[in-house]
Amino acid sequence: MQIIFVEIKCSLGESYRVAGALVEIDGVSEVYSISGAYDLLIKCYLNADADIGHFVNEKIQRVSGITGTMTTIAFNAFS
């Protein structure tokens with residue numbers, strides 16, 4: 001299992017619509033509105049053999065209203 005976080009910039013006024021579209025994508029676990037340079041943060045769980053670049057390019061970046069993304073790959077969760 002691979003865990004990635006993707007920060008998303010949206011066109012003005014599109015954050016809620018984009019968030020609604022993202023929660024419908026298989027592999028997207030959580031969608032958060034955030035402050036700062038990006039509008040949304042999504043947490044995704046992908047199969048170990050999944051191509052992260054393909055997932056982000058084909059599934060995430062194609063959502064209308066997204067103007068930019070930044071992907072972070074998570075290695076370990078600490079508790």
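I took helices (H or I, at least four residues) and strands (E, at least two) as DSSP runs, numbered from the N terminus. The model is predicted, and I kept its conditions in mind: local features need pLDDT of at least 70, side-chain atom pairs count only at pLDDT 80 or more, and totals for chains, interfaces and linings use all residues. Residues are numbered from 1 along each chain as its sequence is written, and side-chain values use heavy atoms, with hydrogens and water left out.

**Entry 1: the sheet**

I looked up the strand order first. Four strands form an open sheet in the order β2-β3-β1-β4, with antiparallel pairing; two strands pair if DSSP finds at least two bridges between them. β2 and β4 (66–74) are the edge strands, each with a single partner strand, so one side of each has no neighbour in the sheet. From one strand to the next, the twist averages 20 degrees. For such angles, axes are lines fitted to C-alpha atoms, for helices over the stretch in contact, and the angles run from 0 to 180 degrees between N-to-C directions.

**Entry 2: β2 and β3**

Strand β2 (residues 28–33) and strand β3 (residues 40–46) are joined in the antiparallel sense over five bridges. Among the bridge partners, V31 has I42 in β3, and S33 has L40 in β3. Six residues lie between the strands of this hairpin, where G36 takes a positive phi near 110 degrees.

**Entry 3: the helices**

Next I asked what helix α1 lies across. Helix α1 (residues 15–22) lies across β1 (2–10), β2, β3 and β4, and runs at about 10 degrees to β3. Helix α2 (residues 52–60) also packs on the sheet, touching β1, β2, β3 and β4, and its direction makes about 35 degrees with that of β1. Contact here means heavy atoms within 4.5 Å.

In α1 they are V18, A19 and L22. Seen down the axis of α1, these residues fall within an arc of 100 degrees, so they line one face of the helix; the arc is that of the directions from the helix axis to the C-beta atoms. They pack against β1, β2, β3, α2 and β4.

In α2 the buried residues are I52, F55, V56 and I60. Their arc around the axis covers only 95 degrees, which puts them on the same side of α2. They pack against β1, α1, β2, β3 and β4.

**Entry 4: two single residues**

Is K43 buried or exposed? K43, found in strand β3, counts as buried because its relative accessibility is 18%. Leaving aside neighbours within four places in sequence, I found K43 in contact with I3, I4, F5, G27, V28, S29 and E30. K43 and V31 are twelve residues apart in sequence and 6.6 Å apart in space, C-alpha to C-alpha.

R62 is found in the loop between α2 and β4, and R62 is exposed, with a relative accessible area of 60%. R62 and A50 are twelve residues apart along the chain, and their C-alpha atoms are separated by 18 Å.

**Entry 5: a charge and a ring**

Finally, I checked the rings. K9 lies over the face of Y38, at 5.1 Å from the ring centre; the criterion is NZ of Lys or CZ of Arg within 6 Å of the ring centre and within 35 degrees of the ring normal.

Terms used. Buried means under 20% relative accessible area, exposed over 50%, partly exposed in between (1.4 Å probe, protein chains only).
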